[in-house]
Structures are given as structure tokens and as C-alpha cells.
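Trainee: I would like to go through this structure and ask what stands behind each term.
Mentor: Go ahead.

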Amino acid sequence: MKICVVGAGYVGLVAALSFAKYKNDVICVDKDIKKVKQLNKGIPTIYEEGLEPLLNKCLKKKYILFTDNINKAISLSDVIMIAVGTPTKPDWSVDISQVVDASVEISKEIDKYKVIIIKSTVPVGTHEVVENLLLKNGVDRNNFDVVSNPEFLREGRALNDFLHGDRMVIGCKSEKAQKVMDELYSPFKTKIINTNPPTAELIKYASNALLATKISFINEMANLCSKVDANIDTLSYGLGLDSRISPEFLRAGIGYGGSCFPKDTKALVNIGEKYGCEFNIIRSTIKVNENQRLKPVEILLDHYNKIEGKTISLLGLTFKPGTDDIRDAPSLFIIDELLQMGARIRCYDPMVSEEIKSLFPNITYCDSIEDTVRDSYCTIICTELDEFFKMDLESIAKKMKKRVLIDGRNMIDIEEARKSGFSYYYSIGNGSFENNK
Ligand SMILES: NC(=O)c1ccc[n+]([C@@H]2O[C@H](COP(=O)([O-])OP(=O)(O)OC[C@H]3O[C@@H](n4cnc5c(N)ncnc54)[C@H](O)[C@@H]3O)[C@@H](O)[C@H]2O)c1
Ligand SMILES: O=c1ccn([C@@H]2O[C@H](COP(=O)(O)OP(=O)(O)O[C@H]3O[C@H](CO)[C@@H](O)[C@H](O)[C@H]3O)[C@@H](O)[C@H]2O)c(=O)[nH]1
């Protein structure tokens, strides 16, 4: 079975390498020739633990090839997995043009039976759009089946999630394609849910929307905890012990970011609208998150009234630890807001990328925590990186102009912060103190 993965982004690359490891015969196509060249040299285009050695092993053994020649790749393959981007448009509708473009190319190269798998997150009904497009372009109905097979991997744990996730959802209408899917996933140990394509397409959005809702819910609880001297960590622990609730996704902080939750929550609202379903809960989830990611700015304004001309330092820029991805990270919104208020910004993230440097060319990127906080009026922790757990708080407090710490990820023990000489500390529902202004 020869597999072709279309799109060498986060999901495409992880999928292609996972199949290469077990099936030994994968072609991964991307229209971005720079990406293709870099990957064929064994240099990953994303940071993900374990990816670099796997990439190099697969290249050395010739289990995988990267190319920008989609037509040749399709004609050689039995199974084609579409893993291209599906961004949200400003009106929250989903832009499926990358899926459509890939399908047009696929339709040119089908002369024997092939299974086309939609791995990208797509609105309900997209499997039909692809099917109809292939038929319109003259592909024989007996020569293909379209399967909906959404992906649930998390960045930072992508390889493990892809191979051993909690479940695999397969939306398939044909027995012939079902057999191919069974063989494709036979080496992976995961629970498989077989259903129809619309259900498969919707499980993906429902899953992300519910997880995002848990986060917004716990963040609203945290904001109340801050006002009444209650503790959100203990509250989350107490909630999570109820097996009907589960302890997962109850970590309060400055909200969710990343390439999926912000985009997929909006997409589900838009999809709902098309079918007359309001989705008020998800609308609120989105609104709560938009406010929550700017919580540090609100706290800063409360504390200083005016931020203009003050140096503010940010620790952590990525949307979560274990990745170099900054898509929709809360840090981006905080930086943007602070810059509009005339603040000077210093920041530190060991994963800092050229991407963020080009977004914000006028802020200072530092190489260490200690250098970052120098002369600043406030330090804001935006990402819970391991090294922030271990940092020398006393030395940091001494280097700052004003000893103000906003702990956006509830990493620092409040008593430690007090003992280390901070004059003001604010966490998200985990306690705060103010000694003197
Ligand atoms: N990133 C995640 O953690 C994650 C997890 C689960 C699901 N998803 C979903 O998977 C899909 C892909 O996400 P991603 O983060 O990997 O996207 P991405 O934007 O990182 O990558 C998409 C890749 O597809 C390539 N591409 C676009 N059109 C092409 C074409 N016609 N031919 C060849 N290559 C083409 C682009 O050049 C790019 O490299 C999205 O629908 C996303 O919602 C993402
Ligand atoms: O208790 C929590 C858990 C997460 N987050 C934040 O939520 C965001 C998303 O985190 P996570 O879900 O771990 O990362 P993603 O890689 O974006 O994965 C999500 O989005 C993917 C793309 O659709 C799905 O495949 C995954 O199942 C889904 O977890 C990050 O900003 C986290 O900081 C919190 O604030 N509190």
C-alpha cells in the first residue's frame, strides 16, 4: 500500500512520518518547495520532540520522500491523505480552498481505485464537496472513495498522540474503503470509531469546542476566586475528582491559543448558523477567552494607571510548552495591546522564531530570563515552560525596576514570591498580594 500525504504542515508531517515508520512507503507532498527541500535534508520544519531522529531514520532507509510534484505522487499512490490547512475567514466561515485545490490535483491522476482521506478539520459536508468535485472532473465513480478521518493530536505530544491517541474516528460509506482503512491503521493501538462522514466531521469540532469551553469555564471560576480569596487549583482538583467531569483541561490561566481552539470554536458557531443552531455556549467560550488573554493588561492598568514608556517583560511566547508554534498565542495579543499603550517590551522564549520577530520587529528579544527582566516595571509569565519553575525569583526581583509579577500560568508559589522580595504578585485565581506600590 503506497501512501501519499498532501501537506507537510504539523499534521501532515507527523502523519507521513508515523506511516513511514510502519508502512515504509510514503510520499509527502507540499506546494512549498522550501519546506520540501528542508525536509529532504532531514531538517524539521516544526519543533516536536522525537521528530528529527524519526525524519532522519525514515529518509536514510528511504521509507519517505518529500516532493512538490503532487501529480506524480498521486498517480503512484493507493491512499491519499489530505492534511492541508483550513483557516477561518474573518466572518468565521472555514476556508476550504486548500482542500479544494488539492482535490482538483487529485482528480487529474485517478486511473485506478484510490481512497482519499480527509485528515484536515473541515465543516460538515466537505466529504461531499470533494466527492462531487471528483465526479465533476470526470473521475469514474468506481475508482475512488472519500473518507473523513479527523485528527486529534496535540502539539508537543504529536507523535505519540497520532499513533496511540484515545480514539480514531473513521467516517466511511463504502466497505471497500473501510477495508483499506482497517489495513492502514492496523499497526496502531487505538480505539476505532466507525461512523458516517458527517458524524466524523462533527466529532472533531465538538471535541475542540468542549475542551475550549472547559478552559473558559475554569477561567471564569478563577476570576471569581481572585475576588473572594478562594483557590482555583484546589477548586479544579475538587472538580476533577468527580469522574464525570475529569481533571483534564481545568488549568486556569490567560486562556487558550494555538492553531485549533480559536479557529475551530469560531468555525463551529459559523457552521451552526448555517443550520439555524445558535451555539450560545461556544460564543461565550470565545468571548471569555478573548477577555482572559488580556487579563495581564487589565491587571497592569489597575496597578499603574498608565503604561506608556514603561518596560514590561514577557516570559514565554508560544501558545503552550513543547512547541515552537505561536499561532494565536495569548502572548501575541498581550504584546499588541501593550505596544498600543506605548510600553517597551522585552521578552524571552527559547523557541523564539523568525516568525514572531517579523510580527513584532520593534520589541527586544533576549537570550535569558535574567536579561529579559532587567529594569522592567512588570514581568508577565505567558507560557508555563519548565525553566520558569526553576528560576531564581530573588535574583529576578532584584534586577527589576519595580518588583511586580503577573503569573499568567499559575506557576509560582505565592509564598515563594513574597519571600523573594516581590512587592506585587497576581495569579489567575491562585492568590495575590501587594506590599507597597
Ligand atoms: N496543528 C495541529 O495541532 C492540528 C491538530 C489536529 C488537526 N489539525 C487540522 O489539520 C489541518 C492541517 O493543520 P496544520 O497545522 O498541519 O496546517 P499547516 O498550515 O501547518 O500546514 C498545511 C500545509 O499544507 C500545504 N498545502 C496547502 N495546500 C496544498 C496543496 N494544494 N498541495 C500541497 N500542499 C499544500 C501548505 O504549504 C502547508 O505546509 C487543519 O485542518 C487543522 O485544523 C491541526
Ligand atoms: O487546562 C488547560 C489546558 C489547555 N490550556 C490551553 O489550551 C490551549 C490548547 O492546548 P492543547 O489542547 O494542549 O493543545 P493543541 O495542540 O492546540 O491541541 C488541541 O487542538 C488540536 C487541534 O485540533 C486537537 O487535535 C487536540 O486534540 C486539542 O487538544 C493552550 O494554549 C493551552 O495553554 C489551558 O489554558 N488550560
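**Terms and their grounds**

Mentor: Helix α5 (residues 97-107) and helix α6 (residues 126-136) have axes that come within 9 Å and cross at roughly 35°. Helices here are DSSP runs (H or I, at least four residues; strands are E, at least two), numbered from the N terminus. Axes are lines fitted to C-alpha atoms, for helices over the stretch in contact, and angles run from 0 to 180 degrees between N-to-C directions. This is a predicted model: local features need pLDDT of at least 70, side-chain atom pairs count only at pLDDT 80 or more, and totals for chains, interfaces and linings use all residues. Residues are numbered from 1 along each chain as its sequence is written, and chains are lettered from A and ligands numbered from 1 in the order in which they are written.

Trainee: Which residues in α5 and α6 meet?

Mentor: V99, V100, S103, V104 and S107 in α5 meet T126, V130, L133 and L134 in α6. Contact requires C-beta atoms, placed from the backbone, within 7 Å.

Trainee: What makes ligand 2 lie between domain 1 and domain 2?

Mentor: Domain 1 (3-195) and domain 2 (204-290) both give residues to its shell, so ligand 2 lies between them. The bounds come from an automatic or database domain assignment.

Trainee: How many residues surround ligand 2?

Mentor: 21, with E155, R251, Y256, G258 and C260 the closest. A residue counts as near if its C-beta atom, placed from the backbone, lies within 6 Å. Helix α9 gives the most to this shell, with three residues.

How values were computed:
Two residues are in contact if their C-beta atoms, placed from the backbone, lie within 7 Å.
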